[in-house]
Amino acid sequence: FSAVTSGLEKLNIPVDRLVENVGLPMWHYEDPRTLVPGVHYFRLVGSGARAFGSERLGGLLPEHLPVVDFGVVGRQITRAVTVHDAVRTACDTMSRITNISTHRTVEDGDRLWWFRQRHQDADAGLRQLELASIAYMIDIVRLGAGPDWRPEAIVFESDAIPGVERLEQFADADLRWRQGISGIEIPRSLLARRIASSDPRVVRATDD
């Protein structure tokens with residue numbers, strides 16, 4: 001919760017007012033280990049998208065809140081050695097800390113699909129959270145594949161979000177909407193790439 005609110009604040013969205021308007025309890029701020037109902041995430045991100053004025057909000061979050069800053073998940077992922085390790089760590093970590101969704105991988109010839117399956121239904125914020133999840137998945141692969149890497153194919157569980165194809169990390173990808181699951185296609189040749197970053201926080205995390 002604190003990571004998401006930090007990302008919204010960096011986008012100049014007034015989070016305190018947002019939390020108050022959607023009726024979320026302020027105790028979410030008091031202890032980063034507190035369990036937060038999934039529906040509260042939906043409300044927060046959905047309201048954030050309305051305040052921001054674009055349903056593409058989720059795709060912009062990684063630019064303002066990199067993976068390395070994303071709480072316990074970021075710390076675990078940036079200790080990975082290879083892209084494959086980072087993807088596996090993300091899948092395992094997310095499965096332990098949330099019941100909103102599960103992550104898994106499926107081999108398909110010379111490709112690996114990284115899927116995200118949601119387990120909660122909500123109208124507000126659903127598409128933004130899915131878009132943010134996909135954007136972070138791309139950023140995790142980029143830790144080893146390089147900052148310009150983009151997946152050739154992306155599937156979405158939700159309806160189409162206008163303008164997503166104009167976001168840098170989604171450009172030129174084969175975007176498939178209403179697929180019943182969301183995920184990205186990763187060439188198997190990238191999986192052995194070592195995680196490298198010019199960000200000293202990532203270097204320190206991998207050296208711990």
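**View 1. Thr 89 counts as buried, at 18% relative accessibility.** Buried means under 20% relative accessible area, exposed means over 50%, and partly exposed lies in between (1.4 Å probe, protein chains only). You will find Thr 89 in helix H6. Helices (H or I, at least four residues) and strands (E, at least two) are DSSP runs, numbered from the N terminus. Setting aside neighbours within four places in sequence, Thr 89 is in contact with Gln 76 and Ile 77; contact means heavy atoms within 4.5 Å. A word on the model: it is predicted, so local features need pLDDT of at least 70 and side-chain atom pairs count only at pLDDT 80 or more, while totals for chains, interfaces and linings use all residues. Residues are numbered from 1 along each chain as its sequence is written, and side-chain values use heavy atoms, with hydrogens and water left out.

**View 2. The protein chain has eight helices and five strands.** Starting at the N terminus, you can follow the elements in the order α-α-α-α-α-α-β-β-α-β-β-β-α. Of the 208 residues in the protein chain, 53% are buried. Among contacts with a separation of 6 or more, 65% come from residues 24 or more positions apart.

**View 3. The largest pocket holds about 1100 Å³ of space.** Rolling a probe the size of a water molecule over the atoms shows where empty space is left. Here, on a 1 Å grid over the protein atoms alone, a pocket is an open set of points where a 1.4 Å probe fits, with protein on both sides within 12 Å along at least five of seven lines; lining residues have an atom within 4 Å of a point. Grid points are joined across faces, edges and corners, and the volume is the space filled by probe spheres set on the points. The lining has 42 residues, and the closest to the pocket centre are Phe 1, Tyr 41, Phe 70, Val 73 and Ile 97. Which element gives the most to the lining? Helix H7 does, with six residues. By class, the lining has 26 nonpolar, eleven polar and five charged residues. Ala, Val, Leu, Ile, Met, Phe, Trp, Tyr, Cys and Pro count as nonpolar, Asp, Glu, Lys and Arg as charged, and the others, Gly among them, as polar.

**View 4. H1 and H3 pack at an angle of about 5°, with their axes 11 Å apart.** The axes are lines fitted to C-alpha atoms, for helices over the stretch in contact, and angles run from 0 to 180 degrees between N-to-C directions. Look for Val 4, Thr 5 and Leu 8 of H1 meeting Tyr 41, Leu 44 and Val 45 of H3. These contact residues divide into five nonpolar, one polar and no charged.

**View 5. Helix H4 (residues 57–64) is mostly covered, with six of its eight residues buried.** The buried ones are Leu 57, Gly 58, Gly 59, Leu 60, Leu 61 and Pro 62. They pack against H1, H3 and H7.

**View 6. Asn 12 has a positive phi of about 65° although it is not a glycine.** Asn 12 sits in the loop between H1 and helix H2 (15–21). Is Asn 12 buried or exposed? Asn 12 is exposed, with a relative accessible area of 70%.
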